[in-house]
Amino acid sequence: MNVDLYERIWMWGVGVMLSLFFAATAYSAVAREIHPPSHVETIDPAQSMSDPRFAKQGLWTDRDGNLHLTVMAMMYTFLPQRVTVPAGVPITFHLTSRDVVHGYQVIGSNAQAMVVPGYVSQFTTIIPEPGEYLIACNEYCGIGHHQMSTTMIAVPAAEFTAPEAMDNPFTSHAGGH
Ligand code: CUA
C-alpha cells in the first residue's frame, strides 16, 4: 500500500504523541503513585441533615485523639458558621453538600475540596498559623455564590481545649492513598 510521505509523517507524529501520553499516565500511576480516589464514601443528599455522620457539624475528637471537622455545605452557607481550631495540628475534614456542587477553601491554608452532593469529601491537613481565615465557596453554585463564606479562627495549640471524644461515624479514612 502506498502511503503519501506527508501522511506518513502525521501518522508517526500521532503515534509518538499517543506513546508519550500513555508513558505519562503510566509514570504517574507507577512511579508517583497517583491514583483516582477509591473507596469513596457516599451519602443520600436528601437525608444528609439527619444522617448520623452529618447530623451534628463542627469540631470533634475521635477515640485516638485525632481532631476532625464535619462541615455541611448548602446554598448559600457552611455549617458550622464559625469554627475555632488549633493551629499546626492535623485536622481531618469531612464535607458534604445537601444541594448542589460547592467548593470549600480555607484561604491562606491548603485546605480545599470540591463538595459534591451524594459524596463525602475527606482530607487531612493543618491550618498553618494562628489567625482568622476566610472560608469561601469557590465553585459557582447559584445566585448567592459570592456571599457563601464563613470564618475559621485558628488559635495557638497550647490555648486550645479539645472537644470531647466520640466514635468516628465515618467509614473511610482520609489522609492515605
Ligand atoms: Cu457554594 Cu458557590
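Reply: From the N terminus on, the elements run α-β-β-β-β-β-β-β-β-β-β, that is, 1 helix and 10 strands; helices (H or I, at least four residues) and strands (E, at least two) are DSSP runs numbered from the N terminus. This is a predicted model, in which local features need pLDDT of at least 70 and side-chain atom pairs count only at pLDDT 80 or more, while totals for chains, interfaces and linings use all residues. Residues are numbered from 1 along each chain as its sequence is written, and side-chain values use heavy atoms, with hydrogens and water left out.

The C-alpha trace spans about 75 × 35 × 30 Å along its principal axes. The radius of gyration is 22 Å, whereas a compact globule of 177 residues would have one near 16 Å; the radius is taken over C-alpha atoms, and the globule rule is 2.2 Å times the number of residues to the power 0.38.

The close look begins with the helix. Leucine 18 lies in helix H1, residues 5-30, and counts as exposed because its relative accessibility is 54% (buried means under 20% relative accessible area, exposed over 50%, partly exposed in between, with a 1.4 Å probe and protein chains only). Together with Val14, Val16, Met17, Leu20 and Phe21, Leu18 forms a nonpolar surface patch with about 590 Å² of accessible area. Such areas come from the Shrake-Rupley method with a 1.4 Å probe, and for residues only the protein chains shown count as cover. Patch members have over 30% relative accessible area and no salt bridge; like charges are joined within 9 Å, and nonpolar side chains (Val, Leu, Ile, Met, Phe, Trp, Tyr) within 5 Å. A salt bridge is a side-chain nitrogen of Lys or Arg within 4 Å of a carboxyl oxygen of Asp or Glu.

Threonine 151, in strand E10 (residues 149-155), is by contrast buried, because its relative accessible area is 18%. Leaving aside residues up to four places away in sequence, threonine 151 touches Gln81, Arg82, Val83, Glu132, Tyr133 and Ile135, a contact being heavy atoms within 4.5 Å. Of these partners, Arg82 and Val83 fall in strand E4 (82-86).

The loop between E3 and E4 holds proline 80, whose peptide bond from leucine 79 is cis, with omega near 0 degrees. Another cis bond joins methionine 75 and tyrosine 76, with omega about -5 degrees; tyrosine 76 sits in the loop between strand E2 (67-74) and strand E3 (77-79). Most peptide bonds are trans.
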